[in-house]
Amino acid sequence: MSQPELPLVLIGFGNVARRFVRLLDETADRLDFTWKVVGISTKHHGSVIDIEGIDVTRAIATVESLQSLDRLDAVPRERSGIDVIRQVTDLMADEAGEGRLVCIETTVLDIDRGEPAVSHVRAALEGQAHVVTANKGPAAFAYHELEALAESVDRIFFFEGAVMDGVPVFNLVRETMPALTIDGFRGVINSTCNFILTELERGKDFELAVAEMQARGIAEADPSLDVDGWDAAAKTAALVNVLMGSAMTPHHVARTGIRAVTGLDVRDAIARNRRIRLVASATRQGGKVRARVEPEVLDRNDPLANLEDLENALYLNTDLLGQVGIVQRSGGLTQTAYALLSDLARISQRLREL
Ligand SMILES: NC(=O)c1ccc[n+]([C@@H]2O[C@H](COP(=O)([O-])OP(=O)(O)OC[C@H]3O[C@@H](n4cnc5c(N)ncnc54)[C@H](OP(=O)(O)O)[C@@H]3O)[C@@H](O)[C@H]2O)c1
């Protein structure tokens, strides 16, 4: 097949999704597929469906000027994310049947049950759409169910952007590490907390650092999810579920955030040639996997101690390769958007291989 056209339905049209469609535009000449957006759903900015293709520039301008997308719809009506998915999968049943329709899920993380993202993924797969998401909820709360559903309908459920933005973690293991067992991992996987801890070391204020992460679109919509360790716990659960074959939710991860860490603490650690970092880890003990997220006082020669600002790193303990380290030197919206783009490119590659 030459240059498949992928119709996209965007559930969530916030910082990540808008950067993603801009990035698709910017990289059009490097992609081996074309695309059009056929549906957009938001929580407070309405929704629009047009299977001929939505004017994305206008949609971005509409949301960024805080207006409703309903005004772009031929028959505006109130619809939930599920309604948009069901309507588009019905209207585009042929494209879905051909394996070309893709749902891009980028709603906010819900730490209670991973909803409505889990339901969005389920509905899209049931409608024979592939799913790509940057939301941690689906892999953290329902990975095994959703992966089994995806396999049963022969569709892809990818979520590279859920951990370490666009740096490959899941795809690296899936594509390049066959027949290998991961017995545990240790990493710094929350950029907002790492930025706050680095700013505290520089004598800056905790709340100002949080505000800067919000202004840059990097902190979660509710920054307490970062500060209290929930975001790292959700990523940890996703890693455990996918890479270690266990079934866990963020609520099974022993969790302490960085709220109680003060400027005095981090500067005292530095004076002792140490550094405080929020560390996520998991180990297999007997048949059981134990996972935790907590601020640790690290020796300066620990590789995690050298991570500053938005840098992340993850060290996987494997049986056949020993320790494998993945380091992300720059994180941010473009990198997360790239994760969605790279997952989408994998879907296109699969279509071309048919
Ligand atoms: N930002 C990052 O750097 C980053 C990095 C990695 C992963 N992620 C993940 O990517 C996802 C998106 O992040 P973001 O920064 O783009 O968040 P955001 O700017 O807050 O955007 C979230 C979008 O989801 C919409 N939404 C929320 N609930 C919805 C629902 N029930 N139905 C339909 N739409 C709904 C929001 O609509 P309204 O605006 O109308 O409320 C908004 O369009 C999150 O899960 C986040 O954890 C983000």
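Which residues are the closest to the ligand, and how many surround it? In this predicted model, for which local features require pLDDT of at least 70, side-chain atom pairs count only at pLDDT 80 or more, and totals for chains, interfaces and linings use all residues, 26 residues surround the ligand, a residue being near a molecule or strand if one of its heavy atoms lies within 4 Å of it. The closest are His-44, His-45, Thr-107, Gly-217 and Glu-220. Residues are numbered from 1 along each chain as its sequence is written, and side-chain values use heavy atoms, with hydrogens and water left out.

A nitrogen atom of the ligand is placed 2.8 Å from a polar backbone atom of Gly-217. An oxygen atom of the ligand lies 3.0 Å from a polar backbone atom of Lys-43, and a backbone N or O atom of Gly-14 is found 3.2 Å from an oxygen atom of the ligand.

The domain assignment, whose bounds come from an automatic or database source, gives domain 1 (5–165 + 334–353) and domain 2 (176–329). The C-alpha centres of domain 1 and domain 2 are 28 Å apart, and the contact, meaning heavy atoms within 4.5 Å, takes 17 residues from domain 1 and 27 residues from domain 2.

Strands are taken to pair if DSSP finds at least two bridges between them. Strand β7 (residues 182–188) is mostly covered, with five of its seven residues buried, where buried denotes under 20% relative accessible area, exposed over 50%, and partly exposed in between (1.4 Å probe, protein chains only). Strand β7 runs antiparallel to strand β11 (residues 312–318), to which six bridges join it; Ile-182 stands opposite Thr-318 in β11, and Arg-186 has Tyr-315 as its bridge partner in that strand. Four bridges join β7 to strand β9 (residues 274–285), again in the antiparallel sense, and the partner of Gly-187 in β9 is Ala-280.

Strand β1 (residues 5–11) has six of its seven residues buried, so it is largely enclosed by the rest of the structure. Its pairing with strand β2 (residues 34–41) is parallel and extends over seven bridges, with Leu-10 standing opposite Ile-40 in β2.

Nonpolar cores were defined as sets of buried Ala, Val, Leu, Ile, Met, Phe, Trp, Tyr and Cys residues joined through side-chain atoms within 4.5 Å. The largest such core has 84 residues, and those with the most contacts inside it are Leu-239, Leu-243 and Ile-258. Helix α11 (residues 230–243) gives the most to this core, with ten residues, and the core draws at least three residues from each of domain 1 and domain 2. When residues up to four places away in sequence are not counted, Ile-258 touches Cys-193, Ile-196, Leu-197, Phe-206, Val-227, Leu-278 and Pro-295. Apart from this core lies another, of 34 residues, among them Leu-6, Leu-8, Phe-20 and Leu-23.

Some loop positions carry particular backbone geometry. The peptide bond from Glu-115 to Pro-116 is cis, with omega near 5°, and Pro-116 is located in the loop between β4 (102–105) and α5 (117–126). Met-164, in the loop between β6 (157–158) and α7 (170–176), has phi near 55°, a positive value in a residue other than glycine, and counts as buried because its relative accessibility is 2%. Asp-309, in the loop between β10 (288–299) and β11, has phi near 50°, also a positive value in a residue other than glycine, and counts as partly exposed at 24% relative accessibility.

Key:
Helices (H or I, at least four residues) and strands (E, at least two) are DSSP runs, numbered from the N terminus. A polar contact is a pair of N or O atoms within 3.5 Å; within protein, one must be able to donate a hydrogen and the other to accept it, and residues adjacent in sequence count only if both atoms are side-chain atoms.
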